[in-house]
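Hello,

Here is the structure I promised to pass on. Please have a look at it first, and then read my notes below.

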Amino acid sequence: MKRLFAVFLLLFGLTGCAGRQPSYTTDFFAMDTFMSVSVYGSDEDSAQQAAVACEQEVNALEPALSRTREDSDLHRLNHANGAVCEVSEDTYAAIEAAVQYAALTGGAFDPTMASLTDLWGINTENAHVPTQAEIDEALSHVGYENIKLLGNNQVQLLDGAQLDLGGIGKGFATDAVFALLTQQTEDAATGALVQLGGNIGAFGQNPARNGGNWVVGVADPDNNAEFVATAEVRDASVVTSGDYERYFEQDGKRYHHIFDPETGYPADTGLRSVTVIDENSTRADALTTALFVMGLDDGLAFCAENNIAAVFITADKQIYTTDAVASVCTYTFLGAEKGYTDAQ
């Protein structure tokens with residue numbers, strides 16, 4: 001709740017209030033986190049209908065993306081012992097996207113990390129550092145190549161692989177909300193701010209800035225209620241993965257939730273956070289994880305090769321932006337007073 005509240009302070013502090021523009025905000029809990037959708041339109045009834053429709057869309061997607069719900073496709077697939085399963089169109093599309101981004105990143109993003117995630121238990125009462133033997137056993141089931149997409153919504157998992165779409169689920173839902181808002185008439189939804197956990201989606205016009213762009217902050221990893229940079233965007237998502245989001249400490253060392261699929265340990269790359277700005281929120285979601293795992297040098301090279309707009313924050317308070325950032329947003333560095341250096 002604290003992190004969500006900080007995000008809201010950040011967003012609304014930067015965007016201002018909507019003045020007399022009719023709007024409606026719905027706050028709800030889904031996909032294991034607090035979410036909010038604010039829609040602006042020509043009248044409050046239309047804005048309310050659009051916002052509620054967005055909430056319903058997210059809730060409808062949860063059974064398609066959750067692996068913990070016993071009524072979900074993923075739960076059934078993960079407990080099929082290698083048998084072919086038929087899943088919903090949404091689940092199949094999400095798995096297909098996950099495999100695509102796993103291949104693109106050379107496995108730095110991998111959706112078969114469930115066994116490893118469960119082993120470490122981060123964000124649960126059972127968080128602990130496993131033995132090397134336990135990690136090796138979990139890693140023997142990790143590998144996106146074990147996902148077989150057979151067409152016609154048929155999926156098979158090999159070698160005991162266990163799917164977890166948490167790395168792209170909120171991005172996938174954000175894209176679905178954007179698609180829904182695009183279908184609305186101009187009067188029903190002139191603009192919207194979508195906050196699904198750590199995924200921020202800015203749609204259409206920002207009434208607080210006379211129809212201009214939305215201003216989204218890049219959080220300070222040392223105090224995520226404050227920010228070290230801003231990005232002015234429209235019809236785009238701003239997604240961040242950081243070591244400060246979910247972690248535990250043991251023997252004076254922090255263990256965060258972003259795992260390296262090669263080692264089975266939290267990625268130790270000298271990064272504190274990676275933010276990706278992209279019109280496709282699913283892609284941004286997957287890439288923040290992958291770039292964090294790659295580390296600064298390999299991550300910057302990957303972004304240059306694939307034209308990715310990203311902001312890297314290192315443990316020694318250096319902030320790097322890729323060349324593509326300038327083409328998708330107006331970026332402003334604000335971290336000097338907090339001890340950060342603009343490394344460009």
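**Aromatic rings and charged pairs**

Phe-248 and Tyr-255 are both buried (under 20% relative accessible area with a 1.4 Å probe, protein chains only; exposed is over 50%, and partly exposed lies in between). Their ring centres are 5.3 Å apart and their planes stand at 20 degrees, so the pair is stacked. Here, rings of Phe, Tyr and Trp (its six-membered ring) pair if their centres lie within 6.5 Å; planes under 30 degrees apart count as stacked, over 60 as edge-to-face and the rest as tilted.

Before going on, a word on the source. This is a predicted model, where local features need pLDDT of at least 70 and side-chain atom pairs count only at pLDDT 80 or more, while totals for chains, interfaces and linings use all residues. Residues are numbered from 1 along each chain as its sequence is written, and side-chain values use heavy atoms, with hydrogens and water left out.

The protein chain has an average pLDDT (the predictor's confidence in each residue, from 0 to 100) of 91, and 93% of the residues score at least 70. Over residues 1–18 the pLDDT is below 50. Where pLDDT is low, the predicted coordinates should not be read in detail.

Back to the rings: there are eight aromatic pairs by this rule. One of them is tilted, with Trp-120 and Phe-248 at 6.5 Å centre to centre and 50 degrees between the planes. Trp-120 is in helix H5 (residues 114–120) and Phe-248 in strand S11 (residues 247–250), 128 residues apart; helices (H or I, at least four residues) and strands (E, at least two) are DSSP runs, numbered from the N terminus. Trp-120, Phe-248, Tyr-255, Phe-259 and Tyr-265 make up one aromatic cluster.

The structure also holds eleven salt bridges (a side-chain nitrogen of Lys or Arg within 4 Å of a carboxyl oxygen of Asp or Glu). Arg-254 meets Asp-243 in one of these, at 3.8 Å, N to O. Arg-254 counts as partly exposed at 31% relative accessibility, whereas Asp-243 counts as buried at 8%. Lys-317 and Asp-222 form another, at 3.4 Å. Both sit in loops, so the pair ties together parts that are 95 residues apart in sequence. Shared partners join Asp-222, Asp-243, Arg-254, Arg-272 and Lys-317 into one network.

Which ring does the charged end of Arg-254 sit over? That of Tyr-247, 4.0 Å from its centre (NZ of Lys or CZ of Arg within 6 Å of the ring centre and within 35 degrees of the ring normal). Likewise, the charged end of Lys-317 sits over the ring of Tyr-340, 4.9 Å from its centre.

Best wishes

Conventions. Contact = heavy atoms within 4.5 Å.
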